[in-house]
Amino acid sequence: MAGFPKNFLWGGASAANQCEGGIFEGGRGLANVDVCPSGADRGAVITGYRKMLQMDEGHHYPAAEAVDFYHRFREDIRLLGGMGLQVYRMSIAWTRIFPKGDEEEPNEEGLRFYEEVFRECRKNGIRPLVTICHFDCPVYLIEKYGGWRNRKMIGFYLRLCRTLFERYKDYVTHWLTFNEINMILHAPFMGAGLCFEEGEDEEAVKYQAAHHELVASALATKLAHEINPANQIGCMFAAGSAYPYSCRPEDVWEALLMNQENYFFVDVQSRGYYPSYAVKRLEKRGVFPQMEPEDVEILKKHTVDFVSFSYYNSRCIAASGDQETAEGNLFQSAKNPYLQFSEWGWPIDPLGFRITLNEVYDRYQKPLFVVENGLGATDRPDGDGRIEDDYRISYLREHIRAMKAAVEEDGVDLMGYTSWAPIDLISAGTGEMKKRYGFIYVDKQEDGSGTLERIKKKSFHWYQRVIETNGEEL
Ligand code: BGP
């Protein structure tokens, strides 16, 4: 078979906290993602070293307005439909449904909002792929329970899941339990509402919280299948193979360790048990999480139906030395001398995408879904207001080519591809507006000014053609 399968799904991906805004509307409560400021303090806040659980005057909080999807979703979804999008990956803001997080009853206004969003998708021939939790955690649950470090979170999360699975049964069949679950190790406040106390063993807290998420994810999978046998549940992690800096065995070993650390979560979610390397290392460091007797069975029985991931770049590591470092999707690594870099210093490595697709498929032998891939860049409208983003087209073209080779030549079973992000939105890593990913430009500037008008970029028309030809015309 040549090219992509006929039922391959082309789409785009976003997250509630990066596009919706309207954080004080519709009865919504405050979430960790709302209180992550842009600017110099963001790093310390998202990593849990600086506790910020409310907004203060001295900071700017980009999620508050974001790109106003909350009010403009009809126009936005129509634009996506016009581009030919077949699937729209989006997330639910937990605090729209349960403003504090531990209520018995959901907030009807929040539920209605997403129902409208799904209706609009349907009208435009788009099927939703829903991330249940894209980094958000209600602030109330952090204050009262300490976020995911507390096992009680499993129950609160499952109540959210049940509410969503029941209410949206007729609209949604494809769900992701947690966005980039491995991000808990790198941005624990943004990823799981964790703030660290003086003298605390951070590794122990992170792995305990991760264990709770893993159990919650397995129980959500169980619940989804019970409520609607047609439901397909995926896990989601930030991927990108780690290369050894050289063929020195010590470098190769370091790369293997880095990859294992990253695959750990999916090893559990997809294979159903803690891999032996993790058991040994966590025990040795004295940070093996506390488990309940039933956990082993839960993890084993309710593995995911498919494996999804984001891919922006590969990584590179050396055992020793003073190599220059490179940025990347929230991970730093050694700078790979063979690659080009984006404006934000992220490596650009399309072959690394093919390598990653092969590695992940070899490891899990389940259908894969690429749910994020794209180029963050500064777009500058020309005198006529046109945005000629050839750099973005070229990044995506090369990555889609590599993905096609993985499918066509390597036999990787791939369900679909949703690029990050079809409409400009705020950056998760930096909180910037000027780091744009979209096929559709949003007139909003770094200082908050702008009309919020949506303008199609050159890449809009290019991607439209890619979808129309099922990836034949790149
Ligand atoms: C992933 C997140 C997204 C998204 C993307 C791009 O980590 O799942 O939310 O933002 O990375 O990263 P950034 O926004 O930092 O450029």
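**Close-up views of helix packing, ligand and backbone**

**View 1. Helices H3 and H15 are oblique to each other.** The model shown here, as in every view below, is a predicted one. H3 packs against helix H15 (residues 458-468) at an angle of about 55 degrees, and their axes are 8 Å apart. Look on the H3 side for Leu79, Gly82 and Met83, which meet Phe460, Tyr463, Gln464 and Ile467 of H15. Sorted by class, this contact holds 5 nonpolar residues and 2 polar ones, with no charged residues.

**View 2. Helices H3 and H5 run roughly parallel to each other.** Here H3 (residues 69-83) is seen with another partner, helix H5 (residues 108-123). Their axes come within 9 Å and cross at roughly 10 degrees; an angle under 35 degrees counts as roughly parallel, which is why the pair is described that way.

View 3. Alanine 428 brings a polar backbone atom to 2.7 Å from an oxygen atom of the ligand. In the side chain of glutamate 372, an N or O atom is 2.8 Å from a ligand oxygen. Histidine 134 also takes part, with a polar side-chain atom 2.9 Å from an oxygen atom of the ligand. How much of the ligand's accessible area does the protein cover? On its own the ligand has 370 Å² of accessible area, and the protein covers 99% of that.

**View 4. A cis peptide bond joins tryptophan 420 to alanine 421.** Its omega is near -20 degrees. Alanine 421 lies in the loop between strand S14 (414-420) and strand S15 (440-442).

**View 5. Alanine 66 has a positive phi.** The value is near 50 degrees, in a residue other than glycine. Most such residues have a negative phi. You will find alanine 66 in the loop between helix H2 (42-46) and H3.

Note on methods. Residues numbered from 1 in each chain as written. Predicted model: local features only at pLDDT ≥ 70, side-chain atom pairs only at ≥ 80, totals over all residues. Heavy atoms only, no water. Axes fitted to C-alpha atoms, helices over the stretch in contact; angles between N-to-C directions. Helix = DSSP H or I, 4+ residues; strand = E, 2+ residues; numbered from the N terminus. Parallel < 35°, antiparallel > 145°, perpendicular 65-115°, else oblique. Polar contact = N/O pair within 3.5 Å; in protein donor to acceptor, adjacent residues only side chain to side chain. Areas by Shrake-Rupley, 256 points an atom, 1.4 Å probe, with all protein chains shown as cover. Contact = heavy atoms within 4.5 Å. Nonpolar A, V, L, I, M, F, W, Y, C, P; charged D, E, K, R; others polar.
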